[in-house]
Amino acid sequence: MSTAEQNHRLPREATAQGLDLCTQTKKSSVEIPDRFLGWIIPIGILLAWELLARLEVLPPNWFPAPTAIAKTIYEMAVNGDLWKHVGITMARVVLGFLVGASLGTLLGAVTGYFPIARKLLDPLLQSLRSVPSIAWVPLFLLWLGIQESSKIALISLGAFFPVYLNLSVAMRHVDSKLLEVGKLYRLSSFEMVRRLILPAVLPEYIVGLRSGLGLAWMFVVAAELLGASSGIGYLMVDGQMTGRAAIILGSVLLFAVCGKATDWVMSATGAKLLGHRTR
Amino acid sequence: MPARVAIDEVRLNEVTQDDSCNKGGTLDIAIARKTFAGSQGSLTALSDISLTIDAGEFVCIVGGSGCGKTTLLRIVAGLETEYEGSIHLDGHQIFGPDLNRGVVFQEHRLLPWLTVHENVAFGLSRLSSAERAAKAEHYLDLVGLRSFEREYPHQLSGGMSQRVAIARALAGCPEVLLLDEPFASLDALTRIRMQEELLRIWQAERTTVVLVTHDIEEAVYLANRVVVMSPLPGTIRNIWPIDLPRPRERTDHEFSRIRRAVLDEFFAHTLNKS
């Protein structure tokens, strides 16, 4: 490394140290790291809830104590019901997401790359998008029956649009200056897509996949509430029918945990694919 | 500073050992007319351009904005193919981009998802991976950034990014290196250092260099010939041979005189037009 490069790097390190000094002088006397601040209120609410439920200020069949909900989940885990329901819901989400995201990827790529395909397809898809997706449920039930396929179709529909939209828009807006670099090196259309367009749209595409996955979870709840004999949504309906609030609240918790888990897997995969790049 | 010179000499020796690349090529530029279609009819960007650039020559094209100097460079690069006229490189007509012309833009245009090394090797997919790596390393050595080969573009300063862009353009073994205001977005000190660097690279590689700039001092400092263009329509106003010996001294009397002459002509013309 020549002295020139060392000079280039110095200012950045210097500013980093400067910032460090600033934050140190700013620190107040109460030392609570920022990441713990967000926990204070939820934990407070849980403690108050537990206390009020134990004192029977809250009616126990409407507002069961957090420990009672935990116990319900634990019992289901022991007798195996939990794994059955979580498993089937997870399978529906994953399958529906794969179908919807694949279609979204295909159509998004085609409309993003070929202007003619966009002019033909985009108006139709955009108008379909403005239909609230739950409105399709009666039609799906009529066409596909009450079994799995109608549920998968509904979840796929939810996952489709964010993936389609993000990919299509991102492909249209790839920096033409970078595409020109590909032209200079005489890349074929295929190489252009593989070496320039795909890596360029990857960040937006991953955002689309993540929101598609989020919507898949939203739609699995709808699908299972509307008629299912298994799954976390079914547990909720069952809890409502039999008047057991602990099961409903437990199911809410299960949805939250499962949704978060799949999102974490997705974002970790995305981060790995994106590597060290920042834009 | 003496240490720096020594390093440069080592690099020059390394470079002269590499004879796998073609030396500079002769460019014959003959553009009768280049128009752009606009909303208010067509606009003539270039008219009656005739210029021959010798093998190994360093030519700077200067002109104000809108004089078509960038368009001219893009035509030579093969990025603009709709025009009346023809470009020949060593007697062969040019119909589109090719590796025999390396291009450096005002922005570095490095791919943000590739490392410095991968960026330099980007256009070399026809070579085996060993040859590709050797080429990339050779040109990173030439621009003095070998130790940064694993970094990503966002980790580099503006001057370093532009040096990587130069290495990428050279890696294809071009006969002609085309640079479009390559140092315009750099600070004054970095720009002067990059000009030195470019001269060193040119002397080592013996490629033909065409550099577009709006900086007259830069043009007079670097070029064998300075081509002055004027706008509406873009055409060649004058060509100044610069016979000053190298290394040139910017504060030298003769240097100042030439720079002033080019500047006067430039402004006299601009004022007449407006």
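H7(A) and H9(A) are roughly antiparallel to each other, a term used for angles over 145 degrees. The model is a predicted one, in which local features need pLDDT of at least 70, side-chain atom pairs count only at pLDDT 80 or more, and totals for chains, interfaces and linings use all residues. Residues are numbered from 1 along each chain as its sequence is written, while chains are lettered from A and ligands numbered from 1 in the order in which they are written.

**Exercise 1. Describe how H7(A) and H9(A) come together.**

Step 1. Two packed helices are described by the angle between their axes and the distance between the axes. Helices are DSSP runs (H or I, at least four residues) and strands likewise (E, at least two), numbered from the N terminus.

Step 2. The axes of H7 (residues 148-172) and H9 (residues 189-225), both of chain A, come within 7 Å and cross at roughly 155°. Axes are lines fitted to C-alpha atoms, for helices over the stretch in contact, and angles run from 0 to 180 degrees between N-to-C directions.

Step 3. The crossing of H7(A) past H9(A) is right-handed, meaning that the near helix is turned clockwise from the far one by less than a right angle. The contact comprises 22 nonpolar, five polar and two charged residues.

**Exercise 2. Determine whether Gly214(A) is buried, partly exposed or exposed.**

Step 1. Gly214(A) lies in helix H9 of chain A.

Step 2. A residue is buried if 20 or more other C-beta atoms, placed from the backbone, lie within 10 Å of its own, exposed if 12 or fewer, and partly exposed in between. Because Gly214(A) has 18 C-beta neighbours inside 10 Å, it counts as partly exposed.

Step 3. Phe97(A) is 117 residues away along the chain, and its C-alpha atom is separated from that of Gly214(A) by 9.5 Å.

**Exercise 3. Give the strand order of the open sheet of six strands in chain B and locate its edges.**

Step 1. The order is E6-E7-E8-E3-E9-E10, with mixed pairing; two strands pair if DSSP finds at least two bridges between them.

Step 2. Strand E6 (101-104) and strand E10 (235-241) of chain B are the edge strands, each pairing on one side only. Neighbouring strands are turned by 20° against each other on average, direction ignored.

**Exercise 4. Which residues of E3(B) are buried on its two faces?**

Step 1. In a regular strand the side chains alternate between the two faces of the sheet.

Step 2. Phe58(B), Cys60(B) and Val62(B) are buried on one side of E3(B), and Val59(B) and Ile61(B) on the other. Five of the five residues of this strand (58-62) are thus counted as buried.

Step 3. E3(B) pairs in the parallel sense with E8(B) (residues 208-213) over five bridges, and runs parallel to E9(B) (residues 225-230) over four. Cys60(B) stands opposite Leu211(B) in E8(B) and has Val226(B) as its bridge partner in E9(B). E9(B) is itself mostly covered, with five of its six residues buried.

Key:
Parallel < 35°, antiparallel > 145°, perpendicular 65-115°, else oblique. Nonpolar A, V, L, I, M, F, W, Y, C, P; charged D, E, K, R; others polar.
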